[in-house]
Amino acid sequence: MGDRAALLRAAAFGDRPGAEVWWALTGTPRERWLAAVALGGQGHYAAAATALGALLRSGDHLIVSLAASTLASHRRQLGGHTAARKLDALALSAARAATAGPAAAGPAGTAPAVPTETAGSVDPDGVDPAGARADALLGLAADALGAGRIPEARRLHARVTPHTWRTHVRSGWVAAEIELADGHAGRAVAPAETALQHAEAAGATRHVLKSQLVLGTALVVWGTPESVDRGVRLLQCDLNHTNHHGLSSLIWPTALVLLGGPAVRNSAETAKLRETAANALSCVLRRADPISRRIAARSPWIPGALLRSGEPPNADAETNFLTD
């Protein structure tokens, strides 16, 4: 693996999630996709959307699938589950075409093309047809969760057989989120723990931090004295590290879970957490593309109390921001 590829992998899936990757937006399709993954994690949704939108028209089945799943994830992180569902459906169709090989027809609006990876090759990070299919199915499961269709989410999740660390991690997130949505917070802890273990073993900083967010949330919602204590400590540590790496897309939901948790805090700490969440969300929305901003404006999952003047208005303070 060359230096450029290694750096981009470290930014997207490794120990350098805050790395500067703007230079890669003029690179190969694979480099542009990896850069978009990293930029999305940093909260640069507009730049990521521009890169991913172009890749959706690339004609390369694998790249189309990966780009569609990534853009769906970014839409979903701002509450756009309906918009994400269309992209995840495209991702699944393109993943099937990539698996079938060069003779398969391309996704709607694209020309047939030879996939960049053959169906039999296995990438360590799941950047292959099997990984793309898993990403699409997990994305569709998360979309179903956002629409309140829990049985559908369970069926889609059950169709995924993890073959790499990244699929294990994302599968664990969705499994935990399904149990949380179904009112079984105690059952959400085990898959969240498993996701964290796989992320730590891979040395994937952003995935570790997201896994800690999911696990911490499950522990706090579970509500036993021991689970709340551990969950709050985990989330406080998580918030420090997401701040350190500049991962705005994780900062605001982590602070929000702490704000809504049952732990006793003084007014100064509460005000600080609210300011942290508002600053991070404001940063994300300033860097968002127009579609993402419209999604946020209509989303019931983004608390209106955190929005600043000039940002999308929203009155509903409910939260459902874990689905990746």
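Gln212 sits in helix α10, which covers residues 205–222. In this predicted model, Gln212 has a relative accessibility of 11% and so counts as buried, the cut-off being under 20%. Setting aside neighbours within four places in sequence, Gln212 contacts Leu196, Leu234, Leu235 and Asp238.

At 1.5 Å a residue, the 18 residues of α10 should span 26 Å, and the end C-alpha atoms lie 25 Å apart, which agrees. Just after α10 comes Gly223, with a positive phi of about 90°. Lys210 lies over the face of Trp173, at 4.2 Å from the ring centre.

**The nonpolar cores**

The largest nonpolar core has 69 residues, and those touching the most other members are Phe13, Val21, Trp33, Leu52 and Leu215. Helix α6, residues 129–146, gives the most to this core, with nine residues. A second, separate core contains 28 residues, among them Leu78, Leu250, Ala288 and Ala296.

Phe13 has a relative accessibility of 5% and therefore counts as buried. Beyond its neighbours within four places in sequence, the contacts of Phe13 are Trp33, Leu34, Val37, Asp125, Val127, Trp165, Arg166, Ala204 and His207.

**The aromatic cluster**

How many aromatic pairs are there? The count comes to two. A pair of rings is described by the distance between the centres and the angle between the planes. The values are set out below.

| Pair | Distance of centres | Angle of planes | Arrangement |
|---|---|---|---|
| Phe13 and Trp33 | 6.0 Å | 50° | tilted |
| Phe13 and Trp165 | 6.4 Å | 75° | edge-to-face |

Why is the pair of Phe13 and Trp33 tilted? Planes under 30 degrees apart count as stacked and those over 60 as edge-to-face, with the rest tilted; the planes of Phe13 and Trp33 are at 50°, so this pair is tilted. The planes of Phe13 and Trp165 stand at 75°, so that pair is edge-to-face.

Each pair also links separate stretches of the chain. Phe13 lies in helix α1 (residues 3–13) and Trp33 in helix α2 (residues 29–41), so their pair ties together parts 20 residues apart in sequence. Trp165 belongs to helix α8 (residues 165–181), so its pair with Phe13 in α1 ties together parts 152 residues apart in sequence. Phe13, Trp33 and Trp165 form one aromatic cluster. Trp33 counts as buried because its relative accessibility is 2%, and Phe13 and Trp165 are buried too.

**Leu273 in helix α13**

Leu273 lies in helix α13, residues 267–286. Is Leu273 buried or exposed? Its relative accessibility is 9%, so Leu273 counts as buried. Leu273 and Leu239 are 34 residues apart along the chain, and their C-alpha atoms are separated by 9.8 Å.

**Confidence**

The protein chain has an average pLDDT of 88, and 86% of the residues score at least 70. Over residues 103–119 the pLDDT falls below 50; this stretch has 39 contacts in the model beyond near neighbours in sequence. Residues 313–320 also have a pLDDT below 50, with 27 contacts beyond near neighbours in sequence. Where pLDDT is low, the predicted coordinates should not be read in detail.

Key:
Residues numbered from 1 in each chain as written. Predicted model: local features only at pLDDT ≥ 70, side-chain atom pairs only at ≥ 80, totals over all residues. Heavy atoms only, no water. Core = buried A, V, L, I, M, F, W, Y, C linked by side-chain atoms within 4.5 Å. Buried < 20%, exposed > 50% of the residue type's maximum accessible area, 1.4 Å probe, protein only. Helix = DSSP H or I, 4+ residues; strand = E, 2+ residues; numbered from the N terminus. Contact = heavy atoms within 4.5 Å. Phe/Tyr/Trp six-rings, centres within 6.5 Å; stacked < 30°, edge-to-face > 60°. Lys NZ or Arg CZ within 6 Å of the ring centre and 35° of its normal. Expected span 1.5 Å × (residues − 1). pLDDT = per-residue confidence, 0-100.
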